[in-house]
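Here is a friendly walk through one protein model. Please take a moment to look at the sequence and the fold before reading on.

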Amino acid sequence: MDTIEIPKIPSTPAMYIFYLIKGEKEVPFYVGQTKNLKRRMGEYLVSSWATTPDFIVGEATKYLQEKGYQVVVKFQDLSEEESERRLKEEKKIKELKSRGQILLNRDADKVGYDYRTADREEIRSQIRKEVEDILQRSV
C-alpha cells in the first residue's frame with residue numbers, strides 16, 4: 001500500500017486504510033473502498049453529519065490530531081468492479097478484527113446513527129470513546 005499527500009491522491013478506484021501513528025506503530029482504525037479515492041478523501045475532510053462514515057472518520061481523525069497523533073491513509077489501487085472491491089474490503093476488515101484490532105467500521109455489531117434524530121454531541125462523544133478504546137488496545 002502507498003502513502004500519499006491529499007493533493008497527490010489519484011481519482012482511481014482503491015481500497016484504503018486509515019492509520020494512527022503511535023510511536024513507531026501504525027494502528028489501523030478504518031478500512032474502506034471507493035471508485036474515486038480523491039473524492040472520497042475529500043468527503044472525509046468535510047466530515048458531513050448526514051453521512052455516518054464521513055462524520056465518524058472525520059471526527060476520529062480530528063480528535064486524534066488534537067491529541068497529537070499523526071493520521072495517515074494508505075491505499076491500494078483496485079481496478080475491479082465494485083462487488084470485488086467490497087469483497088476485498090470485507091476480507092481486510094475480517095483479517096484485522098481476527099487479530100483483535102478495533103475498527104470504526106459499522107457492521108451488525110456497531111450500527112450507525114440516524115442524523116435526523118441523533119444528538120451530534122452524543123455521537124461525537126461515542127466516537128471519542130471508541131478512539132480511546134483503540135488507543136488503549138494498541139499499547
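The paragraphs below follow a few helices and the residues that join them.

First, some ground rules. This is a predicted model, in which local features need pLDDT of at least 70, side-chain atom pairs count only at pLDDT 80 or more, and totals for chains, interfaces and linings use all residues. Residues are numbered from 1 along each chain as its sequence is written, and side-chain values use heavy atoms, with hydrogens and water left out. Helices (H or I, at least four residues) and strands (E, at least two) are DSSP runs, numbered from the N terminus.

Let us begin with helix α1, which covers residues 37–46. Its buried residues are Leu37, Arg40, Met41 and Tyr44, where buried means under 20% relative accessible area, exposed means over 50%, and partly exposed lies in between (1.4 Å probe, protein chains only). Looking down the axis of α1, you would find these buried residues within an arc of 100°, so they line one face of the helix; the arc is that of the directions from the helix axis to the C-beta atoms.

How does α1 meet helix α2? The two pack at an angle of about 70°, their axes 7 Å apart, with α2 spanning residues 52–66. Axes here are lines fitted to C-alpha atoms, for helices over the stretch in contact, and angles run from 0 to 180 degrees between N-to-C directions. The helices α1 and α2 are therefore roughly perpendicular to each other (under 35 degrees counts as roughly parallel, over 145 as roughly antiparallel, 65 to 115 as roughly perpendicular and the rest as oblique). Arg40, Glu43 and Tyr44 of α1 make the contact with Pro53, Asp54, Val57 and Gly58 of α2, contact meaning heavy atoms within 4.5 Å.

Asp54 lies in helix α2 and, at 5% relative accessibility, counts as buried. Not counting residues up to four places away in sequence, Asp54 touches Arg40, Glu43, Tyr44, Ser47 and Ser48.

Helix α2 also meets helix α4. The axes of α2 and α4 come within 9 Å and cross at roughly 60°, which makes α2 oblique to α4. On the α2 side, the contact includes Phe55, Ile56 and Leu64, and on the α4 side Ile123, Val131 and Leu135 are among the residues taking part.

Which helix holds Leu135? Leu135 is in α4, which runs over residues 120–137, and at 5% relative accessibility Leu135 counts as buried. Leu135 and Lys22 are 113 residues apart in sequence, with their C-alpha atoms 8.4 Å apart in space. Beyond its neighbours within four places in sequence, Leu135 is in contact with Leu20, Lys22, Leu64, Lys67 and Tyr69.

For our last stop, turn to Glu82 in helix α3, residues 82–98. With a relative accessible area of 37%, Glu82 is partly exposed. Glu82 and Gly68 are 14 residues apart along the chain, and their C-alpha atoms are separated by 35 Å.
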